[in-house]
Amino acid sequence: MATRSASLRGMFPDAFFLQLALSLLPANWPTCRAHRWLRWDRGAAAKGPIPTPTPASVPPSLALAVSDTLDAVGSAALGLFICDSCGSSLEFSIPPSPPVRLPTSTNPESSAAPTGADHLPFACRNGVAGSHHLHVHASPAGDCFDAACCRCRTALRVTLSNARIPNQTLANIFAGNPDAFRLEVVGVFQAFVKGILANLDRPVNAQSDRFVRCIGGPTKDAVLVMTLLGFNFMPAEMKFYPMPLDPESKKAVALAGLQLLLKEFQLRQSLHSSIPSLKFSDASEDICVRLGFTYRSNLRLLSLASRSPVDSHYRTLGCTADVTTDKLKAAFIAQSKEDPKGLPWILDALIEVAKLRKNADLEEFVAMERTKDGLISVSEITSAYRTFNLSEDDDVPDVILVTIFSAMVNDHPERLDDFRSALRVIAEVRDSAILNMYLETGVIPGDLMEVTAQETSGDVPVGLTNIGNTCYLNSLLQMYLTITPLRERLKTISSQNTAMEVDNSESENGPVDKAKFLQYMSQLFDGLVTAPTSMRAVAPAKELAQLALGNTNLQVGSQQDVNECMENMVSLLEFGFSSIGDDSMLATVKSLFYGKTLQTLTFKESSGVTKKNSKEEDFLCLIIDVAPTLYDSLDAAFRSSEVDYEGQIANRELSIIRLPPVLTFTINRVLYDSSKGETKKAHNFLQFPNKLFMDRYLRENSTIVQQRLQEISGSDTSSSDRDTARAIRATLFDDLNSHPYHLHAVFVHEGEAQYGHYRLFMKNHSTSQWFLYDDSVVKEVLNPGHDIFGDTTGQLASAYCLVYVKADEVERLVKTFVREPIIVD
């Protein structure tokens, strides 16, 4: 939840200035957090004595040119101010037409349309103590606000502009030079502004001695500044040519000139070489007077630089700290009506002020307001998010918040009421239909969505209902459904013969339940295949989820790693087929999903004799680290390395001696941050191919692979050599292409290490379609290049598990679209 952007309105004397100078700036305002508005004394610049010219002094005609240009385009009719910290500008002007729709007023004198210049900059004729009550309409970009007073129909426009020349760009040009030299650099840019505002059609030589000495030549930063000053760079000629400027462009250049004048003023102050013709002063009083408000010197104590929470609370209410209790109440009511989305901040401010004042009347008023429906304070919102170890700024989707809620309830069932209360607060603040539906029904809201004709036409697979933080289990079940040998065999499993053939000699909660896993899988697969077209999703049996998750304590919602769940499910399949005496299917499961690696450790004994120790090991999935590409990750996993072996340094070599037809990779994205003592998720993008060749990782090819890698290893000395080596390595194994695999499924995890939501992308190889499986929602992916293979850098969602199928066995082993709906009359 973003921080509140205060509205442009004031209830009492001086409040408008406070709201404007302190709270008005929108949440996306990118410059500084401590604006100090200055007034440029144009009279001093125009009429003051002309100093003796020096290379670093401001040409008086620049100040005149800036002033004349701003006047010519009608800028700053009511006031132009510039921030001493960041160079942003604040401009008051008269809007060209009635700016906002005003509420109906009971005052007959305020019935006319906004009159703009007829009243500005005078005080409100009908307001309390002459104070305007402004209603605001912001531009889509958030940089311009049109306002009108509902009491006297006065209107104005406030325009906020970033510094014309980025401060970082100037800092780059200034870097490493003293203030005296910086002053000379500013003088050079000022001369260019002076020329272009005077319509002088003279190019600037980027190779001249002065340009190179002061600016550094046509660097990236120099070209940017010159472009902003109205010049076009011609690299072939190494010259900057003035561009034709329309009035608005000329105004922008004039504002850049004003920024340069301020920069000179600041540099001269630091060098103690001020000149009378260049003057900027604090604009607090000027802003108040121009808008008809009484200025008091204590306003300076309430600057944005102030970090006082008390000042912040009064600013939120649109008041100063010396207002009466009645005015505080009136301010709260007015702000609440006009800014309902900001109500949590307004209420929180009133609560804190009531605590500070210890006023019984105000405390009673707060208590009455808090009993109203929907009134939630910021502190309550913050507490609700903290209940789930989150903050308001965490961009956690509603569906992921449900998974966090479910997991925490299962971990701490005694705190169910606390968790529900916190989730209800967040649901209210977000106005979330998903969270409200979940709180009401206890079901993931996606299952309650209306089914469209397209989604129930039988053209997409059937989804699976999330029965409590089981999105990763649902993804695995959907993937196993597409494995043809497994699906076809489970068709023949019936509850009767399973029960008869199970050995009941052990505990009822042990082998008997495990053997029933085949029965639950059979029933689920049958439901997914034969579901009528009107059915969007089916629910897996709770017992199936408990067995698959290795959980017999009914804690279905406990979050679990996909890799662990996969191992448990395959183990249950093996146990089930073994229990019913189906050795053939048991062998099929092992041959489908398991591969075998060979690890060889080479070391020298104390006697100097070289020894080798080899070990074969089955694998269900290969765990790899994140790298730029899948090949990079695999190269790192199978690269020869030195390890500690029984107190000695040994060379470790790893290779594959048998590839499974269904090859699974788990991407290790959970890392431990030792500095913070917590786990975090690596969000790096990993590029993976549609077609993968595994030849280079086979034992039979290890010798030739090592030889080729050694041939290019000497090229890794310089940056250019490394680039060359990388390019060579990309095609180094193109001829090793006897073991191709096609991508079948991509498991995606959205979230962080502590929470998240799983989705599955799966390919229908017969049509080349991709489907997205998101629990009960299954739909075709229309843009796989972006949604599946696109760069996910900076996103919470990233590939977590990849499943490939041997290319020459795709048709025999997998069938993604297996729907055979029962026709229901």
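Tutor: Let's start with a term: a residue is buried when its relative accessible area is under 20%, exposed when over 50%, and partly exposed in between (1.4 Å probe, protein chains only). This is a predicted model, in which local features need pLDDT of at least 70 and side-chain atom pairs count only at pLDDT 80 or more, while totals for chains, interfaces and linings use all residues. Residues are numbered from 1 along each chain as its sequence is written, and side-chain values use heavy atoms, without hydrogens or water.

Student: What percentage of the residues of the chain count as buried?

Tutor: Of its 825 residues, 51% do. The chain has 29 helices and 26 strands, taken as DSSP runs numbered from the N terminus (helices H or I, at least four residues; strands E, at least two).

Student: How many residues of strand S5 are buried?

Tutor: Six of the six, residues 144-149, so S5 is largely enclosed by the rest of the structure. Look at both sides of S5: Cys144, Asp146 and Ala148 point one way, Phe145, Ala147 and Cys149 the other, and all are buried.

Student: Which residue in S6 is the bridge partner of Phe145?

Tutor: That is Val158. Two strands pair if DSSP finds at least two bridges between them; S5 and S6 (residues 155-161) have five, in the antiparallel sense.

Student: Which strands join S26?

Tutor: Strand S18 (residues 662-668) runs antiparallel to S26 and is joined to it by five bridges, with Leu663 opposite Tyr804. Strand S22 (residues 740-752) is also antiparallel to S26, over nine bridges, and there Val746 has Leu802 as its bridge partner. S26 itself (residues 797-806) is mostly covered, with eight of its 10 residues buried.

Student: What percentage of contacts in the chain join residues at least 24 apart?

Tutor: Contact means heavy atoms within 4.5 Å. Among contacts between residues at least 6 apart in sequence, 69% join residues at least 24 apart.
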